[in-house]
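Colleague: I am new to this one. Please put it on the screen and walk me through how to read it.

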Amino acid sequence: MSVTTTGVVGAGLMGRDIAGLLANAGYQVTLVDVDSDALAAARTYHESELADELRAGGIDISGTPADRITYDPNLSALSDAEFVVEAVPERLGLKRDVVETLEDVLAADAVIGTNTSSLTPGDIAAEMSHPERVVLFHFANPALRRDMVEISGDEASDETLETAENVATAIDRKPIRLDQEYRANGLSRLSASIKCAATWELLDAEPAAIDVAATNVGFDRGPLELIDLIGLDVHLATVENLSEVYGDRYAPPAEIQSRMETMVDDGRLGKKSGEGFFEWDDQGCQIPTPEEPHDIQPILAALVNEAHRLVDDGVADQETVNEILKRGGDSEIGPFDLEEMFGREALRETLRTRHDETGGRVYDPVF
Ligand code: NAD
């Protein structure tokens, strides 16, 4: 279907940028949030920063995108929207409530995209009369600087998938079609494996030694800085959430888990509280210079291992998995490029050694 009017539910970190991308593509956008402060903050952001942020993301500005966005506290304001993205917090019950209400409010052929990072469109649409209108529409963070939207939906109709791809293309994000829906999609699983391996390496190394080693090999930021950025509380909740399907595959070792829980109890949540693994100030994350960088190979090996799992699970082929990390992680190389660079046998040996030493499932080789 051709789309002209759109909506976004949730005006938080992701929703406000998704609304900005839609508006810049020329769509009318209604942004809905139950929290009037969040709506007001999004409006201020759109009016004062959106154009600069779009430019910084390499996106051409079309007119004044902020003028195409209206703000409303009620889902009923979306009655004319033909394509709606939900970006409310990652709680299954909440997301189900939102899509069920949307089903009553929207026209019968309107499409609902979900930006979920760890659930599936099938889970979220399970109680709807027409689950075929729900599709994964997952952005990488920051959405304006990561040129990708992961799209999937085992129950989504062909029209729904096609509409999602068309909208992704129109908003200047590359649509990445996954062959199957899976908890945590592609990017979030790759990212979970890197962050998890970094927490296992904390048994042997200081945070700075791990993150400096990661940036030395070309990551835009280290895995522990990434956990700080997301928030230790949110990271631990995500690990817990994924344990429902993946067991302890992405879990830190017990000793590091309790260290992180203590940090959360003490209010050291990461960027949002000014301190986590690292200190944060106006200039960003302050990473001290380590005596020497840690060996990065176990973390790279865990990433390559997860890339193989994604292919084995039928989520995507090798080329697509490479593209997901390059676009979603703003990296020049993908996991299968790393495999070529470091050598499959060498990485497998690293996994075997680390798995024998630690028992961490993230190191359990699948290739
Ligand atoms: P956020 O907490 O910054 O924003 C969520 C917003 O939803 C809040 O403003 C909240 O008031 C609003 N909200 C809550 N209940 C609502 C309701 N019933 N109706 C309307 N609005 C409601 O969250 P976020 O980081 O933007 O994440 C949103 C979604 O995007 C989650 O599913 C998350 O997993 C996914 N996601 C997040 C990231 C990330 O890095 N933060 C990346 C990709 C995907």
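Modeller: Start at the ligand. An oxygen atom of the ligand sits 2.9 Å from an N or O atom in the side chain of Asn 115. Keep in mind that this is a predicted model.

Colleague: Which side-chain atom lies 3.0 Å from an oxygen atom of the ligand?

Modeller: An N or O atom of Asn 141. The backbone takes part as well: a polar backbone atom of Met 14 is 2.9 Å from a ligand oxygen.

Colleague: How much of the ligand does the protein bury?

Modeller: Take the ligand alone, then see what the protein covers. Alone, the ligand exposes 830 Å². The protein buries 76% of that.

Colleague: Which elements give two or more residues to the shell around the ligand?

Modeller: They are α1 (13-24), α4 (92-105) and β6 (134-139). Helix α4 gives the most, with 3 residues.

Colleague: Which residues around the ligand come nearest?

Modeller: There are 22 residues around the ligand, and Met 14, Asp 33, Glu 90, Lys 95 and Ser 117 come nearest. Sort the shell by type and you get 11 nonpolar, 7 polar and 4 charged residues.

Colleague: Where are Asp 172 and Asn 185?

Modeller: Both are in loops. Asp 172 is between α6 (158-170) and β8 (175-177). Asn 185 is between β8 and α7 (187-201).

Colleague: Is Asn 185 buried or exposed?

Modeller: Use the cut-off: under 20% relative accessible area is buried. Asn 185 has 2%, so it counts as buried. Asp 172 has 40%, so it counts as partly exposed.

Colleague: Next, the rings. How many aromatic pairs are there?

Modeller: The count comes to 3 aromatic pairs. Look at Phe 83 and Phe 137. Their centres are 5.0 Å apart, with 70° between the planes, and the pair is edge-to-face.

Colleague: What does the pair of Phe 83 and Phe 137 tie together?

Modeller: Phe 83 lies in strand β4 (residues 83-86) and Phe 137 in strand β6, so the pair ties together parts that are 54 residues apart in sequence.

Colleague: Why is the pair of Phe 137 and Phe 139 edge-to-face?

Modeller: Read the angle. Planes over 60 degrees apart count as edge-to-face. The planes of Phe 137 and Phe 139 are at 80°, with ring centres 5.4 Å apart, so this pair is edge-to-face. Ring pairs link Phe 83, Phe 137 and Phe 139 into a cluster.

Colleague: Is Phe 139 buried or exposed?

Modeller: Phe 139 is buried, at 2% relative accessibility. Phe 83 is buried at 0%. Phe 137 is buried at 0% too.

Colleague: Now a helix residue. Where is Asn 241 found?

Modeller: In helix α10 (residues 232-246). Its relative accessible area is 14%, so Asn 241 is buried.

Colleague: What is Asn 241 in contact with, leaving aside neighbours within four places in sequence?

Modeller: Glu 90, Ser 118 and Arg 183. For a distance, take Asp 97. Asn 241 and Asp 97 are 144 residues apart in sequence and 19 Å apart in space, C-alpha to C-alpha.

Colleague: One last residue. Which side chain makes a polar contact with that of Thr 350?

Modeller: That of Gln 297, at 3.2 Å. Thr 350 is in helix α15 (residues 344-358). Thr 350 is buried, with a relative accessible area of 14%. Setting aside neighbours within four places in sequence, Thr 350 is in contact with Gln 297, Pro 298 and Ala 301.

Technical notes. Residues numbered from 1 in each chain as written. Heavy atoms only, no water. Near = heavy atom within 4 Å. Polar contact = N/O pair within 3.5 Å; in protein donor to acceptor, adjacent residues only side chain to side chain. Areas by Shrake-Rupley, 256 points an atom, 1.4 Å probe, with all protein chains shown as cover. Helix = DSSP H or I, 4+ residues; strand = E, 2+ residues; numbered from the N terminus. Nonpolar A, V, L, I, M, F, W, Y, C, P; charged D, E, K, R; others polar. Buried < 20%, exposed > 50% of the residue type's maximum accessible area, 1.4 Å probe, protein only. Contact = heavy atoms within 4.5 Å. Phe/Tyr/Trp six-rings, centres within 6.5 Å; stacked < 30°, edge-to-face > 60°.
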